[in-house]
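Hello,

Here is the structure for your files. Please have a look, then read the notes under it.

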Amino acid sequence: MKPPLAHEHAYSERSLATPSPGLRVAQRQISELFIAAADVIGMPRSIGEIYGLIFSAPRPLTFQQIVDQLDLSKGSVSQGLKSLRGVGAVRKIYVAGDRRDYFEPETELRNLVAGLLRDRIHPHLELGKQRLERVRLDVAAGEDLDDEEREMLRARVAKLESWRKQGAVILPLLAKVLG
């Protein structure tokens, strides 16, 4: 098998495996899109499967329907729904006369991206600020560095800080534009 080119994404055989055979052809194809998208953003395959099923379902689905149709464990579905609800990708709805929880997808791209920015990217920027400060102090105190290495690392840390500051400015603007 040839290695992927720089612009291609390397998918494992598992990530390209067909979603649950209990799904209709169109639902399987939609699920494959979301499985690949979950992989690209570093989320588990099951999250892509769950969102793909909910997205392609004609009506809101119960927890048990998701478990049954995807043949996933209850724990996996529970964690997946928790993650998806956390970023605002699915919402729990009430169905009159039924005590079960039903789930429907968020279908507005701007809301999905805003949720990902808020819950997955912003916390990394904040943590990155603390880490960069520790690295800066370590480079300044680095007795195992010669002058040339210290200067190069100071410049690289300054570059990382610049990137972090740019991200801190751009992400709130992007979130505001997305609503």
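Below is what was found, from the overall fold to single residues.

This is a predicted model, in which local features need pLDDT of at least 70, side-chain atom pairs count only at pLDDT 80 or more, and totals for chains, interfaces and linings use all residues. Residues are numbered from 1 along each chain as its sequence is written, and side-chain values use heavy atoms, with hydrogens and water left out.

Overall fold

The protein chain has seven helices and three strands. Helices (H or I, at least four residues) and strands (E, at least two) are DSSP runs, numbered from the N terminus. Read from the N terminus, the order is α-α-α-β-α-α-β-β-α-α. The chain has 179 residues, and 30% of them count as buried. Buried means under 20% relative accessible area, exposed means over 50%, and partly exposed is in between (1.4 Å probe, protein chains only). The chain exposes about 12100 Å². Carbon and sulfur atoms supply 57% of that area. Accessible areas come from the Shrake-Rupley method with a 1.4 Å probe; for residues, only the protein chains shown count as cover. Now the contacts (heavy atoms within 4.5 Å). Of those in the protein chain with a separation of 6 or more, 53% are between residues 24 or more positions apart.

Salt bridges

How many salt bridges does a search of the whole structure find? It finds nine. The criterion is a side-chain nitrogen of Lys or Arg within 4 Å of a carboxyl oxygen of Asp or Glu.

- D101 pairs with K92, with the closest N and O atoms 3.6 Å apart. D101 is partly exposed, at 37% relative accessible area. K92 is also partly exposed, at 37%.
- R100 pairs with D98, and here the closest N and O atoms are 2.8 Å apart. R100 is partly exposed at 47%. D98 counts as buried at 17%.
- D147 pairs with R150, with the closest N and O atoms 3.6 Å apart. Both residues lie in helix α7, three residues apart, about one turn of the helix. D147 is exposed, at 61%. R150 is buried, at 14%.

Salt bridges with shared partners also join R91, E104 and E106 into one network.

Surface patches

Patches are made of residues with over 30% relative accessible area and no salt bridge: like charges are joined within 9 Å, and nonpolar side chains (Val, Leu, Ile, Met, Phe, Trp, Tyr) within 5 Å. Lys and Arg count as positive, Asp and Glu as negative; His and the chain ends are not counted. A charge is placed at NZ of Lys, CZ of Arg, CG of Asp or CD of Glu.

Which residues form the negative surface patch? They are E143, D144, D146, E148 and E149. E143 sits in the loop between α6 (109-141) and α7 (147-178). E143 is exposed, with a relative accessible area of 78%.

A nonpolar surface patch is formed by V169, I170, L173 and L174. Together they have about 360 Å² of accessible area. I170 is found in helix α7.

One more pair

H124 lies in helix α6. Is H124 buried or exposed? H124 is exposed, at 58% relative accessible area. H124 and R164 are 40 residues apart along the chain, and their C-alpha atoms are separated by 9.9 Å.

Best wishes
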